[in-house]
Number of protein chains: 2
Amino acid sequence: ILAGHALAQGPTEAQLAKSEELARWALEQNLGYEIVESLTTEVGARLAGTEAEERARQWAVTKLKKLGFKNVRVEHFDLPVWERGLERAEILAPYPQALVITSLGGSTSTGHQGVEGDVVGFSSLAALKAADADTLKGKIAYIGEVMTRTQDGSGYGVAGAKRREAAYVAKEKGALAVLIRSVGTSSHRFAHTGQMRRVTSQPIPDGVPAAALAAPDADQLERILASGKTVTLHLLLTPETRPAGRSGNVIAEIPGKKKPEEIVLLGAHLDSWDMATGAVDDGAGVGIVVAAAKHLMDETKRPERTVRVVLFGAEEVGLVGGKAYVEMHKDELKNHVIASESDFGAGRIWRFETRAGEGRVAAAQALGHGVRMLGAAPGGNAASGGPDLLFMRGEGVPVVTLKQNGWDYFDLHHTPNDTLDKIHPADLAHNVAAWLSFVYLAANTGEYYR
Amino acid sequence: ILAGHALAQGPTEAQLAKSEELARWALEQNLGYEIVESLTTEVGARLAGTEAEERARQWAVTKLKKLGFKNVRVEHFDLPVWERGLERAEILAPYPQALVITSLGGSTSTGHQGVEGDVVGFSSLAALKAADADTLKGKIAYIGEVMTRTQDGSGYGVAGAKRREAAYVAKEKGALAVLIRSVGTSSHRFAHTGQMRRVTSQPIPDGVPAAALAAPDADQLERILASGKTVTLHLLLTPETRPAGRSGNVIAEIPGKKKPEEIVLLGAHLDSWDMATGAVDDGAGVGIVVAAAKHLMDETKRPERTVRVVLFGAEEVGLVGGKAYVEMHKDELKNHVIASESDFGAGRIWRFETRAGEGRVAAAQALGHGVRMLGAAPGGNAASGGPDLLFMRGEGVPVVTLKQNGWDYFDLHHTPNDTLDKIHPADLAHNVAAWLSFVYLAANTGEYYR
Ligand SMILES: [Zn+2]
Ligand SMILES: [Zn+2]
Ligand SMILES: [Zn+2]
Ligand SMILES: [Zn+2]
């Protein structure tokens, strides 16, 4: 129906109906799950800057070409590469026992002898900050603080602060090392890793060696500290950083028919942490956006605008791929009509959020027509769009968020337990259906959202 | 009411009423949980024959004396001690990645270089047995087979066969090593350990090195094998066995007033696997039986019969403590009126089972009066009584089982995830209440059950 006349301003009734029809159809498809299965099985873990992430890019290029995408390419960029090494913690006194820990991304090394010290407990990062300088000389600082389980993931920002800052604050206080209760919501015995300060082109100051305890081990340490006994601990962390590594963003397109220069960007990140196959973070996102774009290609006429899928590299260590994309595509950003990234697991979508210019919110909300039909509520106009879109958003690119239910996401996030079996295929299909209806509308209307 | 006359034959109405009253009262107590908390915090993991198990015995002796038990003592015995060492598995081809594994108890070592071979998959132990001798020369055998989740734990016996036998069968077929899908029911990324053949005084034939894969890693391996590609794997297991170690049973009593020579035995095992603090296996059992006996001591008149608490050592590696007990107490076994062990986690009790002589079943079922009031059904007369009672049972000691709900037990069993937070205090109190009502009746009636 679009063929014979100029691009309509908003979605037509026929387009809205088509977006619903596509969503219903996609609920019965399994392609998204097949893509995650392929990535997590054939590549597995894929830490930023490593040979494994390079294999993930090769996988992506092969897969995207095979699916029929055009202009499939890799845009490389450089970054320092942090690798984990050994990680061990042992209570020496009063009750000798090993604890389950994991190094935080970017942590410095204790050296191969490790460090030994008495533990001083704090209930929060703020409490550690309030300690006098040098009062922790020769000690190991520990920060507790239980993360709040929420549907929208809002507990993460609060809990994440101690992960990002503890090593640097502890250093100011003269500590030997710092331990934190994992930023996560499960009580399974997995420690949650995650980056401290973001990798950037600027050097990061050295913090003390830093690791997270699994929740049951944090409980254990807190019980012993609460008894008033002095806890002496040995900590061994031997991560290493190579200054020069390579990562890259993988890009694929469905070229637009009428306005090929206008871009609707669908993103996900290809890298994962090193301890698991990264099924929910962010294999799911890769499966969702690639399947949605592939269905658009096969089940609809060629879109009016170009649909660009970007699988970002090196998200986990500091949104490095998102930043590189903006630098490499500066001149083109004005043509990015709207963008969104899927990076919050495989839970169903319950809210459609926008970040559009004044007077353009209703037009942007119209893109969520099919998403709302699937059960999502309309959200506000403060969408993040996804982590890798931070810099793009800063350059004025409008974004939407198809907000997933994150109730269980932080049970798995950045642990060895983030594996394929945690994804429910029907939930993943629900996501693909929502994204398909969204991208169909975004790529076939004449609206702008700035 | 018993003081003035001879021991009644069966429980009196007043005793039945008292057993109910005790059970109701105990539901509100927290002592069982406090005991598990103390053991798992202050000792932690306590592998048979190690210094950690020795610390557990010291903990038990101190705790039992402090609680007011009499005749607190340790009965030592010797056994070989197997210790884990390193454990790593890596797929080299077609899709390089690490797998989460754990050595099976009693496994031989691969040597520090490890072994490398192509994987041959089998769907069951029977399928491996059916392979021709020497057809696996230079290969690594893998056995799948998913364990069935059941309330009564009956899936364990079936699934456990491959754990017990795979290493020896694989050796006959010429294999380099054997891997099994973990004997367990969760899909969290923990491999489940467990003993292969029981440690006995007889030497065990050497099997090939043997390890279990976490369920998500078993899925992963099976997916790749199903694709038809050749899977090449590197396996490193470096366990060591010391021929002479020491374990022991810790014994404590409430001496009987009228018939001190007649024994009602309450058991649990003190050792655990090495990877976790052994909260559900079998810290819970320790908490349950010690708390029940302590409540009996404090809340009732001194029992007519002796109540003996036995915390067995070295259960996990082959019921070594249960066997040693029978050898050391041979002459006394005829006076063991009835016995039961708590070793199936911390789930609520749903069935009261007996193993009594002909014509004595109704009398034995009467001991479950208070247990049934708490919601348990009467069970059959084929109770095991608990693993450490195997040899005692063989010598004619009547047993009962206060059967726990094992629905979730094998999610945690023999994994690093068996920690205190997995126990629900109210469920543990339910167990203590049931055991208290049982031991009250068993120690104060004049019935026999042979
Ligand atoms: Zn992510
Ligand atoms: Zn992440
Ligand atoms: Zn046990
Ligand atoms: Zn066990």
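**Close-up views of a predicted two-chain model**

Across the interface of domain 1 and domain 2 of chain A, two salt bridges are found, a salt bridge being a side-chain nitrogen of Lys or Arg within 4 Å of a carboxyl oxygen of Asp or Glu. Residues are numbered from 1 along each chain as its sequence is written, chains are lettered from A and ligands numbered from 1 in the order in which they are written, and side-chain values use heavy atoms, leaving out hydrogens and water.

**View 1. Domain 1 of chain A meets domain 2 of chain A.** Domain 1 covers 13–81 + 244–444 and domain 2 covers 85–238, with bounds from an automatic or database domain assignment. Their centres, taken over C-alpha atoms, are separated by 33 Å. Domain 1 of chain A brings 26 residues to the contact and domain 2 of chain A brings 21 residues, where contact means heavy atoms within 4.5 Å. About 2,000 Å² is buried between the two domains, 61% of it given by carbon and sulfur atoms; buried area is the accessible area (1.4 Å probe) that two parts lose on being put together, summed over both. On the domain 1 side, Trp407(A), Phe410(A) and Asp411(A) supply 29% of the area buried against domain 2, more than any other three residues. Look also for Asp408(A) and Arg149(A), whose side chains form a salt bridge (3.9 Å, N to O).

**View 2. Chain A meets chain B.** Here 28 residues of chain A touch 28 residues of chain B. The area buried between these chains is about 2,200 Å², with 51% from carbon and sulfur atoms. Within chain A, Thr41(A), Arg189(A) and Arg223(A) lose the most area to chain B, together 26% of what that side buries. Zero salt bridges are found across this interface.

**View 3. The zinc ion (ligand 2) is held by residues of chain A.** Its protein donors are Asp281(A) (OD), Glu316(A) (OE), Glu316(A) (OE) and His414(A) (NE2), at 2.0 to 2.3 Å. Donors are N, O and S atoms within 2.8 Å of the metal (3.2 Å for Na, K and Ca); water is not among the atoms, so sites may look incomplete. Along the chain, the donors follow the spacing D-x34-E-x97-H. Asp281(A), in helix H7 (residues 279–299), and His414(A), in the loop between helix H12 (409–412) and helix H13 (425–444), link parts of chain A that are 133 residues apart. Helices (H or I, at least four residues) and strands (E, at least two) are DSSP runs, numbered from the N terminus. Both Asp281(A) and His414(A) are buried, meaning under 20% relative accessible area (1.4 Å probe, protein chains only), with exposed over 50% and partly exposed in between. Asp281(A) also coordinates the zinc ion (ligand 1), which lies 3.3 Å from the zinc ion (ligand 2).

**View 4. The zinc ion (ligand 3) is held by residues of chain B.** His269(B) (NE2), Asp281(B) (OD), Asp343(B) (OD) and Asp343(B) (OD) are its protein donors, lying 2.0 to 2.5 Å away. The donor residues are spaced H-x11-D-x61-D in sequence. Asp281(B) bridges this ion and the zinc ion (ligand 4), 3.3 Å apart. His269(B) is buried, with a relative accessible area of 0%, and Asp281(B) is buried too, at 4%.

Notes: Predicted model: local features only at pLDDT ≥ 70, side-chain atom pairs only at ≥ 80, totals over all residues.
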